Amino acid sequence: MSAASRIITFVPPRHPAAIDLAGKDRARDFALPLLDGQQRPLRDLRISVTDRCNLRCTYCMPREVFDQDYSFLPRGDLLTFEEIERIAQVFVRLGVQKIRLTGGEPLLRRGIEQLIERLSRMQTATGEPLQIALTTNGVLLARKARALRDAGLSRVTVSLDGLSDATFRRMSGSDVDVHTILDGIAAAQSAGLAPVKVNMVVKRGANEHEIVPMAEYFRSSGVVLRFIEYMDVGTSNGWRMDEVVPAREILDRIAVHHPLQQLEPSQLGEVAERWRYADGGGEIGVIASVTQAFCHECSRARISTDGKLYTCLFAGDGLDLRSPLRAGASDRGLSGLVADRWEQRNDRYSQQRHLISVRNRDKVEMSYIGG
Ligand code: SAM
Ligand code: SF4
Ligand code: SF4
């Protein structure tokens, strides 16, 4: 694991939003939202619940690197559900409105429904129910969708990079068939987890021929298909710029068959550009993190499987929250650590990717930090 450890000095909270807790003080959180060095609020939290996965996607966990000798985190290093709940509560008090569980493959984490149940009882600082979402490769979704919904999951995003078994198996480094994933998507829809989103990472020379078939398949199905530009996350996928298929090209390829109209963002900090089929066939999205960086409105924090706070997907190191938590830190102490780190945040990796010094920095793997 390349993530560097850091020794954390305990400091009392500086930001007023960190001076807990209920009642009047919540209103104060909103009068003084927590902002980073680029004036971006803290709104979204992604939590990686496991660094393990039952697939080996070439762009994320290539089999040559993540083989049987690879050292995944030992069990005792993982945050427990109680610890995740406490950390989540701290972030929610600081303004987080949505939590996404991810990984690795989150459905591999035993008892994930119990974690969802705990998190879904929380309220945002404005008193709304906290939105709980999950990103999954869908392999185990058909059998788990109903239980996830019953536990309080609000939304699910399923990753699928092609409709033919040959493409899917090549991309996912596995022998799973596409039907397994499509059954998972159908189960999520019938469990009421609609609208289900499907993420397709597009990689030049690997699955670009699946763009139009995927668009055709999910048109008018109620599923929102989103195309993601292949990113240079981590250090093991051998990323090259010429393997990125720009979002514009993806849209052009689809528009030849079905004219598209752009939609307004549905929420602040929305990373997907939204488009609708002009004939009413539903919505698609493109996530152009490489060709049209959206760092200026990035409101996301990430908690790694072992409890480190990362303020950018491309960061090299994180702030250890697990050690203070296990050493008995109060909510107020944890809140101060998070608020201070957020205020110091200046990350803009995607806007600076053209700088070789930035691009060559050490970066943690996506499966560990949470995609
Ligand atoms: N295992 C789950 C899954 O695949 O949905 C959750 C974790 S995965 C890291 C989260 C998302 O990150 C997936 O949609 C995946 O396709 C995307 N992803 C992983 N590596 C990527 C890369 N190099 N570029 C763009 N997206 C990537
Ligand atoms: Fe696993 Fe998801 Fe990464 Fe694929 S993208 S290897 S399914 S964590
Ligand atoms: Fe946010 Fe970092 Fe991605 Fe920019 S590069 S959008 S700061 S996660």
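These points cover the predicted model of a protein chain, from its overall dimensions to parts of its sheet.

1. Basis. The model is predicted, and local features need pLDDT of at least 70, side-chain atom pairs count only at pLDDT 80 or more, while totals for chains, interfaces and linings use all residues. Residues are numbered from 1 along each chain as its sequence is written, chains are lettered from A and ligands numbered from 1 in the order in which they are written, and side-chain values use heavy atoms, with hydrogens and water left out.

2. Overall dimensions. The C-alpha trace spans about 55 × 45 × 40 Å along its principal axes.

3. Of the 371 residues, 57% are buried (under 20% relative accessible area, with a 1.4 Å probe and protein chains only). Contact means heavy atoms within 4.5 Å. Of the contacts between residues at least 6 apart in sequence, 73% join residues at least 24 apart.

4. Secondary structure. The chain has 13 helices and twelve strands; these are DSSP runs, helices being H or I of at least four residues and strands E of at least two, numbered from the N terminus.

5. The sheet. Twelve strands make an open, mixed sheet in the order β7-β8-β9-β6-β5-β4-β3-β2-β1-β10-β11-β12. At its edges stand β7 (260–262) and β12 (319–320), each with a single partner strand, so one side of each has no neighbour in the sheet. Two strands count as paired if DSSP finds at least two bridges between them.

6. Strand β1. Residues 44–48 form β1, which pairs in the parallel sense with β2 (residues 98–102) over five bridges; here L45 has I99 as its bridge partner. β1 also pairs in the parallel sense with β10, over four bridges, and D44 has R300 as its partner there.

7. Strand β3. A133 lies in β3 (residues 131–136) and is buried, because its relative accessibility is 0%. Beyond its neighbours within four places in sequence, A133 contacts I99, R100, L101, L153 and R155.

8. Strands β10 and β11. In β10 (residues 300–303), R300 and R302 point one way and A301 and I303 the other, and all are buried. β10 runs antiparallel to β11 (residues 308–310), joined by two bridges, and R302 stands opposite Y310. Four residues separate the strands of this hairpin, in which G307 takes a positive phi near 85°.

Key: Buried < 20%, exposed > 50% of the residue type's maximum accessible area, 1.4 Å probe, protein only.
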